[in-house]
Amino acid sequence: MCGIVATIGPRPSAPLLLEALRQLEYRGYDSAGIATVSPRGLHCLRASGKLVNLSRKLEAATAAGVTGIGHTRWATHGSPEERNAHPQLDQSGQLAVVQNGIIENHRPLREQLEAEGVAFVSDTDTEVIPHLVARQIERLSSHVAPADLLLKAVQSTTDLLKGAYAIAVVWAARPGEVVAARWQAPLLVGLGEGEFFCASDTPAIATVARSAVSLEDGESVRLTPLGVELFDCDGNRIQRTPRRLEGGDQIADKRPYRHFMLKEIHEQGESTQRWLDRYLRGSRVELGLDPGLFEGLHGVEILACGTSRHAAMVGGHLLQQLAGIPTSVHYASEFRYAPPPLRPGILTIGVTQSGETADTLAAMAMEEERRLAADVTELAPRLLGITNRPESSLGRRLPQILDIAAGVEVGVAATKTFMGQLLAFYGLALDLAARRHARSTEEIQGFTDQLKGFPPLLQALIEQHDQCCASLAQDFLHTEDMIYLGRGINYPIALEGALKLKEISYIHAEGYPAGEMKHGPIALLDAKVPVLSIATPGPVFEKVLSNVQEAKARNVPLIGVAPECQDAQLFDVLLPIPVVNELLSPLLTVIPMQLLSYHIAASKGLDVDQPRNLAKSVTVE
Ligand code: M6R
């Protein structure tokens with residue numbers, strides 16, 4: 001979480017920083033700030049709340065200089081008030097630091113600095129950094145050339161830090177210089193026309209840089225008006241070939257939609273078509289993955305968080321039911337501290353739309369390390385990443401990546417990337433079903449043929465439900481609790497529906513397997529607790545309907561996501577979906593979940609794209 005940026009070049013920094021931060025606001029929006037440096041000194045400006053507050057402040061202030069750093073914050077240490085916003089300064093007010101990540105040893109460092117007389121002004125973990133850099137400058141100044149002082153001071157400061165961080169530093173004494181460094185947090189360097197940039201993510205630099213270089217852990221970089229110098233963890237100069245930026249990475253406009261989330265929901269027909277064009281060859285799935293991943297495969301384990309985990313649960317169901325492969329799905333945050341015993345022939349899949357989720361990255365790294373440490377051929381790691389950002393930390397770390405190609409997603413609530421993750425699992429399960437002869441060629445062709453018909457089906461469904469959900473949402477404005485039910489492959493969709501509602505409308509919602517209600521949660525039901533049930537024709541259709549009857553007997557308002565049929569009269573409100581093979585139904589049943597949550601939150605006047613306390617990319621543990 002948090003986004004950092006830096007600029008240096010002929011143009012005034014402040015407007016460039018502001019625009020770059022606008023592109024990074026999805027990473028956090030509790031507060032924002034910039035520091036620019038000119039020969040007249042360092043100018044720091046911060047504001048709590050959204051970026052617009054900083055931009056208003058800037059209109060009335062001076063932030064001169066062509067060198068600068070900026071930050072948009074998702075609070076970890078210290079409440080989201082101005083004094084905890086970044087940049088954080090040293091005691092002289094001449095050195096400024098922005099940071100993304102967490103300094104885990106900030107407490108002992110702070111105690112040590114306080115004992116030496118430093119007075120802290122914030123509750124942040126970050127504030128130790130400017131004080132430490134200032135100390136290192138003092139220490140090194142007798143034997144390091146002034147031109148290298150900031151660089152060396154930052155490099156020796158990073159040796160003292162534990163945790164995950166990407167930092168950028170400016171110093172009034174060196175107005176033509178920015179130094180940045182990273183450890184387990186993303187940081188890239190953008191190269192433009194005589195101007196240079198640093199940023200946590202590509203959209204921040206996509207319109208101003210022509211190419212970019214990603215920093216690896218332990219590396220640092222010095223930006224000056226003359227160019228960019230990269231250094232390894234020992235401070236040695238290194239060279240890396242930049243990759244071209246195509247410009248398509250910048251965040252698009254949300255018009256004509258009111259919110260990015262609604263726009264992204266509406267893009268799902270198109271993104272599905274793009275996925276099919278990319279990965280289907282006739283009726284064959286071609287994912288372009290190394291066949292070695294699948295040789296002698298005994299099982300699959302999937303690690304993910306949040307919505308990505310719900311997609312992984314659908315994926316687990318498909319891998320087992322379509323391809324006959326034992327599959328387990330784990331919360332990445334749990335797996336990394338309590339992994340199951342090692343088993344041979346396991347494919348480990350990390351699913352993360354951003355490719356930056358700290359828990360997922362750490363769980364994948366841990367799994368790789370313990371398998372390598374076992375030093376047994378059968379236990380060797382086989383790792384695959386499923387992401388929307390192949391250039392992300394996950395993408396750079398893993399040799400095998402399945403790109404969901406959903407396009408940039410800005411809304412914090414994942415929608416079209418969830419659809420892309422589902423499609424990735426359909427592709428993987430069908431590919432594996434074919435390789436393992438778990439399904440006949442005709443059956444597999446039947447699935448791929450049906451998938452080809454989904455883009456127009458989805459588009460029509462989205463249009464239809466957009467209208468129904470907009471009017472239905474009015475009935476939920478005072479709802480405090482809601483239950484989502486599903487079974488089998490649609491149980492994860494019930495979980496996803498509940499998560500979508502919670503995160504953007506702040507209504508308490510829970511998803512349950514429908515058959516579990518009678519084992520406790522049914523006690524919650526009364527006329528004030530709506531129940532949304534997904535009921536799709538398949539082996540448990542009748543069972544779900546019986547579970548719904550049990551809820552109806554408790555007088556609850558009942559919403560059905562089900563095909564139009566006699567049985568559907570049971571529901572007070574029906575959000576109809578077409579009948580498809582039940583294994584493909586999650587691609588459809590998720591649409592009313594997304595739209596209902598969206599319209600409830602939008603009708604309540606909430607900030608749908610940037611809900612409170614959240615950030616799009618969770619880069620802290
Ligand atoms: O980038 P990731 O897919 O790894 O993100 C995982 C979760 O943080 C994310 O899915 C979160 O739950 C979303 N806000 C859900 O809409």
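Trainee: Which residues are the closest of those that surround the ligand?

Mentor: In this predicted model, local features need pLDDT of at least 70, side-chain atom pairs count only at pLDDT 80 or more, and totals for chains, interfaces and linings use all residues. Residues are numbered from 1 along each chain as its sequence is written, and side-chain values use heavy atoms, with hydrogens and water left out. The ligand is surrounded by 15 residues, each with a heavy atom within 4 Å of it. The closest are Ser-308, Thr-352, Ser-354, Thr-357 and Glu-503.

Trainee: How many Å separate an oxygen atom of the ligand from an N or O atom in the side chain of Ser-354?

Mentor: A polar contact is a pair of N or O atoms within 3.5 Å; within protein, one must be able to donate a hydrogen and the other to accept it, and residues adjacent in sequence count only if both atoms are side-chain atoms. The side chain of Thr-352 has an N or O atom 2.7 Å from a ligand oxygen. For the side chain of Ser-354, the value is 2.6 Å.

Trainee: Where does UniProt place the feature "active site"?

Mentor: The record is an unreviewed entry; its positions are given in the numbering used here, feature names are shortened, and annotations may be inferred rather than shown by experiment. UniProt places this feature at Cys-2 and Lys-616. They span 615 residues in sequence, yet no two of their C-alpha atoms are more than 9.7 Å apart, so they gather at one spot. The positions in the record are Cys-2 and Lys-616.

Trainee: Is Cys-2 buried or exposed?

Mentor: Buried means under 20% relative accessible area, exposed over 50%, and partly exposed in between, using a 1.4 Å probe and protein chains only. Cys-2 has a relative accessible area of 6%, so Cys-2 is buried.
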